[in-house]
Amino acid sequence: MVQTLPEALERQALACTDLGSPFTAAVLRAFAHLWQAGQVPPALAARLQAFSGDIGPSGHSLPLRLAGALHALHLRGRAGPLTPAYNAPQGRAAADLIAPMAAVLQTEAAFVDHYLDSPPQTNEMRRSGPLIALGQWLTARFGLPLVLSELGASAGLNLIWDRYALDLRGESFGAADPVARLAPDWQGALPPVAQPRVVARAGADLNPLDPVADRLRLLSYIWADQADRLARTRAGLDALAADPAPVARADAADWLEARLAVPHPGALHLVCHTVAWQYFPPAVQARCAAALDRAGAAASATAPLAHFGMEADGAAPGAALRLTLWPGGETLDFGRADFHGRWVDWRAPAP
């Protein structure tokens, strides 16, 4: 459990560096310098000190809230002396950011304070890479159209994975005219060639973000020195604005219980989540698992149920990819993936 702000900032800075964002690491270290020097405006400092429990990545994610707030100021044209750094973030060191950050915090402390109200929602589209491969695999195995249900869907960017293309070793899987192309470092066999057909989709989130009204908030959590991620996310948000994917404001367990109560004869119902399960309270996890077991007991060859997670499991590297299928309740190891989808170690069995 991370309980001190300097420790949380440094741990997140190391994670950002590992995930390819040295600029965000520099932003967090500059803030840490200001914090330890007593140069954070008093009201904002008091707000930060009011957070209790785990303030690190597995808890409140306070460093990413701060990073998102500062990037949001830039996206709104309010970053003042920090603007040159955000416009050209490559090669910036923490020492270069300390003075301009101090100036910005003096004028925008209230904005940053307000931004701390909500946890970050990354909406990393590259997490759709394993979902595209999974869709191909499920279609090859069952030959049925898909009904999608996503837990922790946020804005729905990974609920439209069938609108993206997965480019692997000179071959393309997924949409013929894709909204975006994903090209992770892929280890293992290629997915089967079996184009999935999604006939219905819906998601749930405690705080769903609107792809139009919340566009700048969604972009603020994409790190400023990762131009490809920003461009990809803008393309995905444009697609959702034109053709929305419904995401309900709901508790995951309440929503899933109701969702699974509706039969889908002649279709495979896929329940999925990517780097979301760990944030559900244990009681919600237990209710979701029980609802899946109950629905699985009623599944049939003509109306199967699948549960797929890309989630942290305490092992390394990255997240585990696991699929459970009903009828039968068999759980399959599909390998591992980077938390941001940069690489995939695909170990799916033959369909």
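Student: In which loop is Val275 found?
Tutor: This model is predicted: local features need pLDDT of at least 70, side-chain atom pairs count only at pLDDT 80 or more, and totals for chains, interfaces and linings use all residues. Residues are numbered from 1 along each chain as its sequence is written, and side-chain values use heavy atoms, without hydrogens and water. Helices (DSSP runs of H or I, at least four residues) and strands (runs of E, at least two) are numbered from the N terminus. Val275 is in the loop between strand S8 (268-274) and helix H11 (282-297).

Student: Does Val275 count as buried or exposed?
Tutor: Val275 is not a glycine, yet has a positive phi of about 50 degrees. Buried means under 20% relative accessible area, exposed over 50%, partly exposed in between (1.4 Å probe, protein chains only). The relative accessibility of Val275 is 14%, so Val275 counts as buried.

Student: What is the relative accessibility of Ser61?
Tutor: Ser61 also lies in a loop, between helix H3 (42-49) and helix H4 (62-75). Ser61 has a positive phi of about 55 degrees, although not a glycine. Ser61 counts as buried because its relative accessibility is 7%.

Student: How do H1 and H2 run relative to each other, roughly parallel or roughly antiparallel?
Tutor: Axes are lines fitted to C-alpha atoms, for helices over the stretch in contact, and angles run from 0 to 180 degrees between N-to-C directions. Helix H1 (residues 5-18) packs on helix H2 (residues 22-36) at about 165 degrees, with axes 8 Å apart. Angles under 35 degrees count as roughly parallel, over 145 as roughly antiparallel, 65 to 115 as roughly perpendicular and the rest as oblique. H1 and H2 are therefore roughly antiparallel.

Student: What is the handedness of the H2 and H6 crossing?
Tutor: H2 packs on helix H6 (residues 94-115) at about 60 degrees, with axes 8 Å apart. A crossing is left-handed if the near helix is turned anticlockwise from the far one by less than a right angle, and right-handed if clockwise. The crossing of H2 and H6 is right-handed.

Student: How many nonpolar residues are in the contact of H2 with H6?
Tutor: Contact means heavy atoms within 4.5 Å. Residues of H2 including Phe23, Val27 and Leu34 meet residues of H6 including Leu97, Ile98 and Met101. Ala, Val, Leu, Ile, Met, Phe, Trp, Tyr, Cys and Pro count as nonpolar, Asp, Glu, Lys and Arg as charged, and the others, Gly among them, as polar. The contact of H2 with H6 has one charged, one polar and, as nonpolar residues, twelve.

Student: Which residue is the bridge partner of Leu146 in S6?
Tutor: Strand S1 (residues 146-151) and strand S6 (residues 198-205) run parallel, joined by six bridges. In S6, Leu146 has as its bridge partner Val198.

Student: What is omega for the peptide bond from Ala316 to Pro317?
Tutor: Pro317 lies in the loop between strand S9 (305-311) and strand S10 (319-326). The bond from Ala316 to Pro317 is cis, with omega near -5 degrees.

How values were computed
Pairing = 2+ DSSP bridges.
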